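Hi,

Here is the structure I promised to pass on.

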Amino acid sequence: MIGFIYVRGIYRSSTEDEIIQFRAEIGVTNVVGFTWLLRPEASEEARKIIADIEEILQSLEYVQAIDKQKFLLEKCRIDEARIKLVEACTRGQHVNENWHVARKHRLTASRFGMVLSACSRRRFPPSLFKNLAEGYSLDRVAAVQWGKTHEKTALREFEEATNLKVQETGFWLEESGFLGASPDGLVEEDGILEIKCPYKYRDTDSLSEALKDKKYFYWRDENEDINLNSNHNYYHQVQGQMHITGRKVIKLADVYKPKLSNYTALSRSSTEDEIIQFRAEIGVTNVVGFTWLLRPEASEEARKIIADIEEILQSLEYVQAIDKQKFLLEKCRIDEARIKLVEACTRGQHVNENWHVARKHRLTASRFGMVLSACSRRRFPPSLFKNLAEGYSLDRVAAVQWGKTHEKTALREFEEATNLKVQETGFWLEESGFLGASPDGLVEEDGILEIKCPYKYRDTDSLSEALKDKKYFYWRDENEDINLNSNHNYYHQGCSSMDGFRVICILVAVLATTGRATAADHVRMVTKADLITVPLNFDTSIVCTMNIVPDNFQWKFYPLSRRQASNPKAHISLTHSHFEIIDERKYEITQKKTSTLNLQAKSDDIAGDYQCLAYYGASVVASIPWRLTIANISEFPPQEKIDVTVIPGNTVNWRCEPPEANPEPYIDYHKNGVYVPPFVQVVTKSLIIPNVTSGNSGSYTCKAGNVCTEKFSPVLFNLKVDKRAPREPPKFIVRPRSVYNVTKGDKVLLECSAVGNPLPKVVWRKITGIIPEGRSELTPGGLIIKNISASDNGIYECTHDNSLGKVVHSITLNYNEAPTINCPQDSIDVNQGEDLELECTVTGNPDPEITWFLNGFVTKDNKIITEGNKIFFKPTEKRHAGNLQVFARNIAGTVYSSISIKVIPLSTTQDNVSENPLPPTRLHRPNSRKFNKHAKMYPPSKPNITGISDEAVVLRWTVQNKGLPIQFFKVQYKDFGPANQHDHHNKGKGSKWNTDNPIIEPHIRSYQVNNLKPDHVYRFRIAAVYSNSDNKNSPNSDKFHLRKLDFDKRNPLPVPLITKTESINTTAVKIYWKCEPSINITIDGFFVNYNSASSAGDYTKATVDGPQTNSFVLSHLQPDTVYDIKLQSFNSKSASDFSSIMKAKTLGLASTTLSPREPPPSSANTETAGISKLYVFIAAGVLGACGVLFAAIGLLLFCRKQSKQKKTGTRGDHDKACDDHHHIQADATEYVVSPKSGPRTNGCVAPNRITITANPLADADNKKFLARIFSRIRI
């Protein structure tokens, strides 16, 4: 659970004088000044030469221009003479302010590659636009600073090595005035210099390592000639530089550690046709479009309410104003009514575009502290201005994402703990229109809620550690009262939000992270599944992020039919609908916790639900599915032309029937061909004109549009407003809608408006109840109901009447509520073989469809029965362990809840011993299969073989997760002799199966066989011994030729590099590695070799399948022990050299304090002591009897063996002893291995239980004889 503290209402301690001083210190003049200070200033000379695009965009001519783009192109076009002047006045580059001004709003050569790549993929993410607008700060990027630091050194060494003089140069513009380049220098008459200092290879002494990287920016061919990588951004950069400067040769200087390592000359490879195509693809239209796309768009309703400061600054009035600051203040000032309107239309905050527009260029409460601090110190660094202008991207800042992730959970738990309802709120403006605040919620009548999730203390389970920090945002006094730290930014943020509220804030501080817990309780999806609409021939991607790093990701796809491809409400059943597993090549793990699925909308076949699966060993977490549909828009449906004449004062309501479209289209209305903004401040697709006048007369039509295109309706609505209109009873211009489908919390306008003469009056009533008070409002055009709840479901009736008659209309309001799930427990332990019943409470309207998932898939098991919100395990098996999820889905949404199931396995004796003693009459014919007549022995799979040396191989196998439990494995092999003997078939008939004696524990799936003979042919098989003491062999392997390998030559397989290790718990560690692939060499997986660092024994092996795997969990280790770990890659032929050794340590066991003294025995226990002595004598007698019995059994066995040898002769040689090297592999699905326990040879336990011979335990006579003896022992 996420821990939180509830800080009771903290009453405002600020006096009115302090408030006045606060507003004076952080006043409007300072705020507006910050945005102006952000601009770098060019010199007077440069202003005459360089066209400042920002000034052009704010000029009077641009505002008045009809074709703004054409005007911009003409203003920016530049001739050859001015190109040279610009270059001259921008020399010095990044230390020259003219250079920064010249580059602003232009596309430079260093970004050509990313733009061309985006154009080719037709994917334009927001990060691209922000990068083009230089929205990312590179001041602290190590790679950029590395390049700047060593550039001059490389230039100097280049001059010394080549005897060439490098001329300083500035910013070169292309003739359009939008494309530019800044080479590092000019060389000779026709060359430019470009210096590259690859940060990745900063510690490399030579080029050899870098040139192995296929993604490096150049490569050498067989003639040792340099070739640029045409897929690299540097290629497009240097081609762009040569094109813009008009030079034909570029000299590249490559810098390492940090010395000049290589330089070369390359000629321009672009033909004139390529240049033309390049300019077309990266042309001015795209560039200018990028800057415009950066602006968030507010809704039509919000544009009328929120003063957009950016639009004011670009308006004609602002350009013409003499006192611009006074004009800006007057335009932005806001009254109380509009403050409330702004707050209402910005609810939802960061998911609402209106909220972003309202905050833009304003000073928000979260930044008050930093501004006041800067004012008190009178220090205003550039980073402050950039922060105020939101120039830093916070998308990847861990602390910000942590806060966003846990905010909703904290809010919900706050409501549950306090029984207070938190009201959603938006952006609150101060009356000046410049200062604003966004509380996390409103509480009761006089309070606000602020949630704080300190990332620094995310792993802290209590407040004690946080409160030790003197810089923490609050502290407790001697009375345990909460006091805010007045030096903390949170203090000033709370003060800013208090205006109009007595209570400053109720704080919820999230302190505990998910930590190390069960999948059901803590492992969860961070990203929210959403509705995705994509036009055909466009690309999109779905991002699935977990809060804890999983072992692997997988994606499922539930397709929609082509008829439903554009229907976001189409029903897909998680229980019954067909799904497909998506090819792993279509998704990538972009970060350890994130998988990105890349999709191309080439046809309707892409439409459907996409579900992400995250694997944690055998436990799987399935996400809520993303719904992807295809965008479309059809033509308007047929609609009759309408002519209406009404008297002034009527409310006119005309609805243009929208076309079928996905996403839902917007509807714009035009009067006499001119756009008409909405007349009412409610969201509606109808044209509602309250209190009409003669000025509203005209011909109206409509337009619909979405992401696909726009459609114009041919239908006309001719309105005439005339006070001499004929008298008539009320009537509807168009029949109002009869059904509204709404969701909990929505706001809806029930439209019902009639016209008449005399003016009609309207009365509303609810047929099935009463209209809610406080949440309903009568407005021109209909009835508004806010914050919809279940009680609002029903039938509403509106009646319009005048002296000539009346008209009545009924409206059905259908209430929908997203499902909720409440399970009484989130984890459960159950014994194997027991019945288990689970029930969760599921609510929603309409009734949700309920689906049960076990480890990522629908439960289809004959031992599992599901009945709605109930699930029965009859009985529980081992395979039922893991993550159980219950999904609930209806038209309003999909949710799930998780339960972690731990199955406690039965012991071996429980599996094998019957509850009732065997009847005496059957003692002479026991049968091990009778212990569980329904259980079956499933043999291991045919082993896979890998040769790892001249005398050793590794065997790998799998077992089915059902049937009788396995006690242990044995490995057997048959030698067919040297490979040069052609009669292997006949030789194999006479050869016997040899057994490697070490006992292989039941969870191990691999073994290393040593002491084999080079160039011999072998077969191998695995024998499994089950809990009933019977055994079964795997299928024999194919014949394997153990070839003699030449290990004097360099092994061609790549050697893995262990990057880090981490402790998981007292018995497990996790290792991470990377392995650079080699050309034309395939690897099948990796061998993980590990051994206790304090042990001189041999390494234990574990096998990891898959060349792409880069992490592995070693478990069942010893607590508080350091292990040496090294890796090899392998394929079917051989294994690589060992990697360097990396150490890992398991966590220590929690200490347990014992009582220093045992209490003295009571005198009352004398009788008990006497009985105990009696028990000692009894136990000694039993042990003596058992000793005699076992001696007799041994004598019988010896006599029987001697007798049989006389009949049949000697059977052959004994099996070999346990080898020195043993290879252990985890289960293929969980990648978990067993420790070494006790003395081991070759990583296995010494053979102390049973040795499997050529036909292990299969002799019928021996089995019957032993069974009789064991039966007698039981009696």
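Strands E12, E15 and E14 form an open sheet, in the order E12-E15-E14, with mixed pairing. Strands here are DSSP runs of at least two residues (E), helices are runs of at least four (H or I), and both are numbered from the N terminus; two strands pair if DSSP finds at least two bridges between them. E12 (363-364) and E14 (428-429) are the edge strands: each has a single partner strand, so one side of each is left without a neighbour in the sheet. E12 and E15 (residues 435-437) run parallel and are joined by two bridges, with Leu-363 opposite Leu-435 in E15.

A word on how to read this: the model is predicted, so local features need pLDDT of at least 70 and side-chain atom pairs count only at pLDDT 80 or more, while totals for chains, interfaces and linings use all residues. Residues are numbered from 1 along each chain as its sequence is written, and side-chain values use heavy atoms, leaving out hydrogens and water.

Next, helix H7 (residues 80-89). Its buried residues (under 20% relative accessible area, 1.4 Å probe, protein chains only) are Ile-83, Val-86, Glu-87 and Cys-89. Among the elements that cover them are helix H3 (44-49), helix H8 (97-103) and strand E4 (172-173).

Finally, the chain as a whole has 30 helices and 75 strands. Of its 1275 residues, 45% are buried. For contacts (heavy atoms within 4.5 Å) with a separation of 6 or more, 70% are between residues 24 or more positions apart.

Best wishes

How values were computed: Buried < 20%, exposed > 50% of the residue type's maximum accessible area, 1.4 Å probe, protein only.
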